[in-house]
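Please examine the sequence and the model before reading on.

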Amino acid sequence: LLQEQLELEGSVVSYPRSIPIAFKRAKGAIVEDADGNRFIDFFAGAGVLNLGHSNADVLAYTAAQQQELVHCLDFPTENKLSAIRKILGNLPEHLRDQYKVSFGGPTGSDAVEAAIKLAKIKTGRDTIIAFTGGYHGMTSGALALTSNVGFRNKLPSLISNVHYVPYSYCYRCVFKQEPGTCNNQCVDYLRTVLEDSHSGVPKPAAIILEPIQGEGGNIVPPDGYLEDIVRLAHKHDVLVIFDEIQSGFFRSGEFLSCMHTDAVPDIITISKGLGGVGFPISALVYRKDVEAWGPGQHIGTFRGNQVSLAASNGAFDFVAKHGVAEHATRMGEYLTSRLEELKQDCPYLGQVRGRGLMIGMEFVQDQSSKEPFAEFVQAFRHACVHRGLLFEVGGHYNNVVRLVPPLIITPTIIDNAVAIMRSALEAIAV
Ligand code: PMP
């Protein structure tokens, strides 16, 4: 199956080249491949299946909705209003009245495109500031905000006027500072870009960032960083877009990962987990005072598919009924503690970091030089897949194991996954 797909789809195939399996079925945190092998899934469809594969409660909502109504463009339905109310109802209480929601089309990239467009219309400005290590999607606008130049080779004509500033990646501080004792040089860098008329950067419409970087290596910025960014942006009348497409929908233990902080953005993009069990949907949550769309200025055939919206409703209800946010926090702490044990025995595991169930393991050739060890990570992933564990690899240097398991995992599943990692590490020890 895998071979046939590779031949028919050609080099556009991405994930199966690094995780060479053909899927057959999946339930909860377990995937079965076409040959009947079973895997623990710490990849979860790239951080989508927060409630597990084929969550029965969510599927009951979507099955009922299919009998009722599937497609109706962006006409109002009770189903859609209910999803909007649930999104707003999960924001901090004092902010609920200040935001509105619109649906951005089936993919995360759609929401990012809408966010940039809204910011430009609102401010009448063109420039956007993005961050090193940031990932925002593959459509032209979103790709222009995605820092990995490997994705943009041979594409000279994406949207221009994007400027990058360093993300707060303390393990590899570009200013060679130690966490806790630095003077927030990365915030100062942004300040210079905004305030120094010789920075070469025109006044931006918006600053876009992930409150926890995903593809960049599951990087949690230090306390106060997001608040500093928002304060600085607002001082200059620049809008802040938080891309919560991966870090949102309870992955961090809160509905949105920025809710661990006091930072209040102007626009938020959500997708992935919002579709419950993998139905495509994305949303834009924005402050009412940012509203700037003219009538019909942002349209699209698939904005707000009713089955996807029913999946969102089912997902929110499941989270509330089963205390999923608290569970994700507890499981995140447990998984982190088990990985810290692993780190004691592995000289190449430089750092374990994360929040909730968005956890990164950064591998290095040497703990003090921190030279990235991407080859080791490739071998490690291969050995883990072979033993029955799936995860994604990413990071600025492709040397970070990115764990984004379903939030419904149990201590037993974690123990089994860590045992697989330990066995894989022993097998490939260099
Ligand atoms: N933003 C972030 C933070 C993401 O992680 C992703 C997907 N990995 C996207 C945007 C793009 O979403 P999609 O692939 O659905 O277009």
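Which residue in β9 is the bridge partner of F242? The partner of F242 is I268. The model is predicted: local features need pLDDT of at least 70, side-chain atom pairs count only at pLDDT 80 or more, and totals for chains, interfaces and linings use all residues. Residues are numbered from 1 along each chain as its sequence is written.

**The sheet**
- Strands β8 (residues 239–243) and β9 (residues 267–270) run parallel and are joined by three bridges; strands are DSSP runs of E with at least two residues, and helices are runs of H or I with at least four, numbered from the N terminus.

- The axes of α8 (residues 185–195) and α9 (residues 225–235) come within 10 Å and cross at roughly 10°; axes are lines fitted to C-alpha atoms, for helices over the stretch in contact, and angles run from 0 to 180 degrees between N-to-C directions.
- Helix α8 is therefore roughly parallel to α9, a term for angles under 35 degrees.

**The ligand shell**
- Among the 15 residues around the ligand, T107, G108, S109, G137 and Q246 come nearest; a residue is near if its C-beta atom, placed from the backbone, lies within 6 Å.
- Helix α6 (residues 108–123) gives the most to this shell, with three residues.

Methods: Angles under 35 degrees count as roughly parallel, over 145 as roughly antiparallel, 65 to 115 as roughly perpendicular and the rest as oblique. Two strands pair if DSSP finds at least two bridges between them.
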